[in-house]
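Let's explore a protein and its ligand together, one question at a time. Take a look at the sequence and structure, then read on.

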Amino acid sequence: MQQEEALARILQEVQPLPARSIALADAVDCFAASDIFAPVSLPLFDNSAMDGYAVVANSCVAGTRLAVIDEQPAGIDRGLSVAPGEAIRIFTGAPVPRGADAIVMQEDTTVAGSEIVINVTVEQGEFVRRRGADVVAGQKILSAGERVRPATIGLLAAQGIADVTVGGEVRVAIISTGDELAAPGAVLQPGQIYESNSSLLRALSEKRGVKVVSVTHCPDRADAIRAALRAGAACDAMIISGGVSVGARDLVKAALAQVGAELQLWRVAVKPGKPFLFGRAGQCAMFGLPGNPVSAFVTFLLFVRPALLRLMGAPDDALSLPSVPARLGADVQNDSERVHYIRGVIAAGIFTPFGRQESHALFGLSRSNAILKVGPAELLAEGAEVNIFTWG
Ligand code: AMP
Ligand code: MG
């Protein structure tokens with residue numbers, strides 16, 4: 001099956017989870033479930049942008065002496081007024097006294113007892129932050145489907161908003177399979193290797209903002225795999241690695257059938273990642289990723305990531321990988337009949353393949369920040385204009 005058809009089938013099977021209201025501080029990377037309109041204007045009131053003196057601008061030229069009649073700190077509105085010939089000591093963020101239309105920076109004044117001398121010509125409106133100049137009450141400040149970023153959280157907090165309605169929490173189970181795998185930290189027996197996919201997939205999932213509720217490792221034994229599949233099926237999504245190919249020890253496909261899961265697709269024309277499978281059990285979307293680490297990474301980006309984003313409430317136009325134009329730093333050739341995703345580095349607009357392009361070779365992947373899609377039998381020459389994909 002072609003990649004596009006596989007993704008379309010997967011996306012047909014996953015729908016956004018019900019929205020929920022959560023504390024603003026917990027909402028980073030979630031998707032807003034509804035439009036938000038500003039409850040208040042920002043700034044909330046006319047206030048001073050500087051430590052200095054509130055004055056009447058047209059009574060101030062360089063050399064003017066003003067009587068300092070009072071002080072207006074931040075945090076309380078003392079309801080003061082100022083007239084021509086007078087100044088009120090004021091601090092950053094403090095409400096501008098009635099009658100004042102400018103603030104003179106303290107650096108532009110000389111203190112002379114209870115008076116100040118102004119050393120500059122004062123412009124009307126100078127260093128006054130006007131009420132509503134940034135945000136007007138009622139204005140839309142966040143649209144449904146937008147991702148909540150740290151700066152969004154800052155804005156909503158400044159609006160006094162404590163809770164926000166976002167897409168549902170996506171709960172994910174991760175299962176790795178393979179007799180040859182030992183946990184990092186364990187002592188390796190001859191022939192064993194360290195199990196790395198669950199760490200990789202967990203990091204990728206959490207970076208997307210989903211909740212990984214379990215990480216399980218299974219030997220290549222049908223009963224163990226069935227038990228893990230049954231336990232994970234309570235989640236919204238399950239990401240299984242290894243055991244999805246055609247070997248005698250590739251038991252995941254059969255185990256899915258045995259636990260009553262429905263296999264939707266198996267094998268996609270991408271390199272790396274051909275043995276990828278997708279199925280579902282009840283509400284759980286089940287992704288079977290090839291065991292080779294780079295295959296697991298690429299199929300996560302191509303198929304799991306968009307599905308997780310949709311479950312989280314992302315709009316359709318936010319499901320694809322970010323794409324940027326680049327020039328090729330080297331010739332690239334795809335000898336296979338499948339689409340090949342080449343890993344490499346984009347720097348200063350130039351994409352250069354990096355490291356070994358084999359599906360077990362993690363080092364090159366670890367140094368890469370982009371992938372290039374090369375069509376079957378396609379040859380791309382150094383200097384060619386291409387679009388590459390990144391994953392943030
Ligand atoms: P499989 O898809 O199970 O046939 O595995 C393909 C290759 O990926 C084999 O070399 C496995 O040892 C390796 N592999 C499978 N699962 C993992 C894993 N979780 N971590 C690291 N390597 C793995
Ligand atoms: Mg295996």
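A residue counts as near a molecule if one of its heavy atoms lies within 4 Å of it. Keep in mind that this is a predicted model.

Q: Which residues come nearest to ligand 1?
A: Around ligand 1 there are 15 residues. Out of these, the ones that come nearest are Glu 180, Glu 195, Ser 196, Gly 243 and Gly 291.

Q: How many residues in the shell around ligand 1 are polar?
A: Let's sort the shell by class. It has 3 nonpolar residues and 3 charged ones. The polar class, which includes Gly, has 9 residues.

Q: Which residue has a side-chain N or O atom 2.8 Å from a nitrogen atom of ligand 1?
A: Polar contacts are pairs of N or O atoms within 3.5 Å. Backbone atoms take part here too: a polar one of Ser 196 is 3.0 Å from a ligand 1 nitrogen, and one of Asn 292 is 3.1 Å from a ligand 1 oxygen. The side-chain atom at 2.8 Å from a nitrogen of ligand 1 belongs to Glu 195.

Q: What percentage of the area that ligand 1 exposes when taken alone does the protein bury?
A: Start with ligand 1 taken alone, when it exposes 480 Å². Of that area, the protein buries 77%.

Q: Which elements give two or more residues to the shell around ligand 1?
A: First, the place: ligand 1 sits in the largest pocket. The elements that give two or more residues to its shell are β13 (171-177) and β15 (193-194).

How values were computed
Residues numbered from 1 in each chain as written. Chains lettered and ligands numbered in written order. Predicted model: local features only at pLDDT ≥ 70, side-chain atom pairs only at ≥ 80, totals over all residues. Heavy atoms only, no water. Polar contact = N/O pair within 3.5 Å; in protein donor to acceptor, adjacent residues only side chain to side chain. Areas by Shrake-Rupley, 256 points an atom, 1.4 Å probe, with all protein chains shown as cover. 1 Å grid on protein atoms, 1.4 Å probe; cavity = no way out; pocket = protein on both sides within 12 Å on 5 of 7 lines; lining within 4 Å. Sits in = over half its atoms within 2 Å of the grid points. Helix = DSSP H or I, 4+ residues; strand = E, 2+ residues; numbered from the N terminus.
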